[in-house]
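Biologist: Could you take me through this model step by step, saying how each term is defined as we go?

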Amino acid sequence: MKKTSYIEFELPKSKQKTQAEGIVKRNFKKALIGIFGAIIPKANPDFENKFDLVEKWIIELDNETGIPEREIGMDKKGRIIVKMPFKKNYGFWTDSNLVFSDFKGQFSTSKITRDTFENYWSLFEKTEDFETELTEFKTQVTGAGGGRIYLLAKVDYKGQNRDIIVYFTNKSDKRKVKELSKVKVRGKIVDEGIEQSLSLLESELLNG
């Protein structure tokens, strides 16, 4: 079995005056070309317009060659918006000439486990965008000092009345929801079967 490693890194914030600063701006590809040399990835029709929104990358690399094999991109809210190679999408990092030492030299990388990577990889295909309004729900709090807030409710999903658990990503949303009697939320819904509750992940509060 081929041995692989898994890393994650966030793109430099604009306040950091480094050569990589432009990555988080609109000229994503141009900035990378300036850092690493010619990077001309093939077309990624499903994700081309999302590269500029990625703030965190998770990458699988071959241990022997250091070459990227799979990649996942998340936006600033922790939502998975890019997964490649996938269908007609060749990939950005996986279609470049970069190796592990390039990533380590330019970014602050951290190692993650294979299981963590695989969970993210499979989650992308299990989820779909979902938006709903909840008028009856219970607020639950977990964690030390009540750090994590989630909602328990029922929702009509594909013609069935299902239990749903809503998990929030943004801390300010967690605070606001305590004061609301009706919430409108959008996130990534996961359906593990009729016997299980639906999960709305990476949820965003849409109340004005």
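Predicted model: local features only at pLDDT ≥ 70, side-chain atom pairs only at ≥ 80, totals over all residues.

Biologist: How many helices and strands does the chain have?

Modeller: Helices (H or I, at least four residues) and strands (E, at least two) are taken as DSSP runs and numbered from the N terminus. Counted in this way, the secondary structure of the chain comes to 4 helices and 11 strands.

Biologist: In what order do the 5 strands of the open sheet stand?

Modeller: Two strands pair if DSSP finds at least two bridges between them, and strand E1 (residues 4-10) pairs with E2 in the antiparallel sense over 7 bridges. Strands E4 (80-84) and E5 (110-111) each have a single partner strand, so they stand at the edges, with one side of each left without a neighbour in the sheet. The pairing in this open sheet is antiparallel, and the order is E4-E3-E2-E1-E5.

Biologist: Which residue in E2 is the bridge partner of Tyr6?

Modeller: E1 and E2 are joined over 7 bridges. For Tyr6, the bridge partner in E2 is Glu60.

Biologist: Is Asn44 buried or exposed?

Modeller: Asn44 is found in the loop between helix H1 (28-36) and strand E2 (56-62). Buried means under 20% relative accessible area, exposed means over 50%, and partly exposed lies in between (1.4 Å probe, protein chains only). With a relative accessibility of 0%, Asn44 counts as buried.

Biologist: Which backbone nitrogen does the side chain of Asn44 reach?

Modeller: If we take a contact to mean heavy atoms within 4.5 Å, and leave aside residues up to four places away in sequence, Asn44 touches several residues, including Phe51, Met84 and Gly91. At a distance of 2.9 Å, its side chain reaches the backbone nitrogen of Tyr90.

Biologist: How many salt bridges are there?

Modeller: A salt bridge is a side-chain nitrogen of Lys or Arg within 4 Å of a carboxyl oxygen of Asp or Glu. Glu128 and Lys158 form one example, with their closest N and O atoms 3.6 Å apart. By this rule, the count of salt bridges comes to 10.

Biologist: How many residues apart in sequence are the parts that Asp129 and Lys188 tie together?

Modeller: The side chains of Asp129 and Lys188 meet in a salt bridge at 2.8 Å, N to O. Asp129 lies in strand E6 and Lys188 in strand E10 (residues 183-190), so this pair ties together parts whose separation in sequence is 59 residues.

Biologist: Which residues are joined with Glu131 into one network?

Modeller: Lys184 forms a salt bridge with Glu131, their closest N and O atoms being 3.6 Å apart. Lys184 lies in strand E10 and Glu131 in strand E6, so the pair ties together parts that are 53 residues apart in sequence. Through salt bridges that share partners, Glu131 is joined into one network with Lys184, Arg186 and Glu204.

Conventions. Residues numbered from 1 in each chain as written. Heavy atoms only, no water. Polar contact = N/O pair within 3.5 Å; in protein donor to acceptor, adjacent residues only side chain to side chain.
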